[in-house]
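Here is a short briefing for a first look. Keep the sequence and the 3D view side by side while reading.

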Amino acid sequence: MYKTLELLDLERTLAKPLFEGKTYPWEALGEIKDFILSLGEKLPVDEYEKRGEDVWIAKDAKVFPSAYIAGPAIIGHGTEVRHCAFIRGSALIGDNCVIGNSVEVKNAVIFDNVQVPHYNYVGDSVLGYRSHMGAGSVTSNVKSDRSLVVVKNGDELIETGRKKFGAILGDYAEIGCNSVLNPGTVIGRRSSVYPTSCVRGVVPEDSIYKNDGGKIVKRK
């Protein structure tokens with residue numbers, strides 16, 4: 001439950017070509033910058049406005065004056081980039097998203113209808129369709145010993161070859177307030193993480209992750 005098509009609906013992002021053919025979604029992290037630069041020049045000029053260097057913003061998006069957006073970046077239709085948001089570059093943000101006050105985003109793909117509304121950090125990560133990060137929840141994208149990130153699924157260890165890799169949120173994933181997603185965390189589709197949790201490894205789809213590390217299956 002950690003492969004690309006098990007986690008993400010690729011019809012819900014402009015980045016579909018970036019993920020196609022990749023077994024694991026984190027394989028796309030090193031290609032985000034170049035993909036945005038290529039895609040940006042092809043976006044319809046009647047729908048997107050180029051602002052500054054390599055920043056394309058949909059004309060119906062709302063960007064607050066205090067927000068900072070560095071290129072390359074794409075901001076989709078109907079998206080709000082709110083007060084003091086800090087988009088550091090290599091960020092592809094989909095349609096109808098919320099990038100909230102004091103949120104920082106760097107080297108990430110955020111699918112359509114995602115909410116990252118309050119004091120979040122999203123770095124070297126992928127947030128699937130309609131996923132949501134509660135206030136203060138963050139992705140930790142570098143291990144304390146600076147070693148390469150490994151995805152842990154029980155006894156299985158998957159080498160990523162990446163020093164920087166935050167988290168992958170499957171479609172409809174829900175992250176509770178003030179939770180920390182440690183490097184290499186993968187949250188399955190429709191799964192929820194309790195507030196103030198410290199999460200590591202793979203959380204299966206349709207599960208609830210409690211802050212003591214326990215995982216239970218959601219009731220249908």
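A charge sits over a ring if NZ of Lys or CZ of Arg is within 6 Å of the ring centre and within 35 degrees of the ring normal. That is the case for Arg12: its charged end sits over the ring of Tyr129, 4.3 Å from the ring's centre. The model is predicted.

**Around Tyr129**

- Tyr129 also pairs with another aromatic residue, Tyr172, and the pair is edge-to-face.
- Their ring centres are 5.6 Å apart, with 85° between the planes.
- This pair links distant parts of the chain, 43 residues apart.
- Tyr129 lies in the loop between β12 (121-127) and β13 (132-133), while Tyr172 lies in the loop between β17 (167-169) and β18 (174-175).
- Are the two partners buried or exposed? Tyr129 counts as buried, because its relative accessibility is 7%. Tyr172 is partly exposed, with a relative accessible area of 43%.

**Aromatic pairs and the cluster**

- How many aromatic pairs does the structure hold? There are six.
- One of them joins Tyr24 and Trp26, which are stacked at 4.7 Å centre to centre, with 5° between the planes.
- Both Tyr24 and Trp26 are buried.
- Tyr24 and Trp26 belong to one aromatic cluster with Tyr2 and Phe165.

**Trp26 and the core**

- The largest nonpolar core has 65 residues.
- Which members touch the most others? They are Phe19, Trp26, Ile99, Val105 and Phe111.
- Beyond its neighbours within four places in sequence, Trp26 is in contact with Tyr2, Val151, Ile158, Thr160, Arg162, Phe165, Ile168 and Val186.

**Helix α3**

- Helix α3 covers residues 32-40, and its buried residues are Ile32, Phe35, Ile36, Leu39 and Gly40.
- These residues lie on the same side of α3, because they cover an arc of only 120° around the axis.
- An α-helix has 3.6 residues a turn, so residues three or four places apart point the same way.
- The cover over the buried residues of α3 includes α2 (16-19), β2 (55-58), β5 (73-75), β8 (91-93) and β10 (104-110).

**Gly184**

- Gly184 is found in the loop between β19 (180-181) and β20 (185-187).
- Gly184 is buried, with a relative accessible area of 1%.
- Not counting residues up to four places away in sequence, Gly184 touches Val149, Val151, Phe165, Gly166 and Gly201.
- Val63 is 121 residues from Gly184 along the chain, and their C-alpha atoms are separated by 31 Å.

Conventions
Residues are numbered from 1 along each chain as its sequence is written. This is a predicted model: local features need pLDDT of at least 70, side-chain atom pairs count only at pLDDT 80 or more; totals for chains, interfaces and linings use all residues. Side-chain values use heavy atoms; hydrogens and water are left out. Rings of Phe, Tyr and Trp (its six-membered ring) pair if their centres lie within 6.5 Å; planes under 30 degrees apart count as stacked, over 60 as edge-to-face and the rest as tilted. Buried means under 20% relative accessible area, exposed over 50%, partly exposed in between (1.4 Å probe, protein chains only). Helices (H or I, at least four residues) and strands (E, at least two) are DSSP runs, numbered from the N terminus. A nonpolar core is a set of buried Ala, Val, Leu, Ile, Met, Phe, Trp, Tyr and Cys residues joined through side-chain atoms within 4.5 Å. Contact means heavy atoms within 4.5 Å. The arc is that of the directions from the helix axis to the C-beta atoms.
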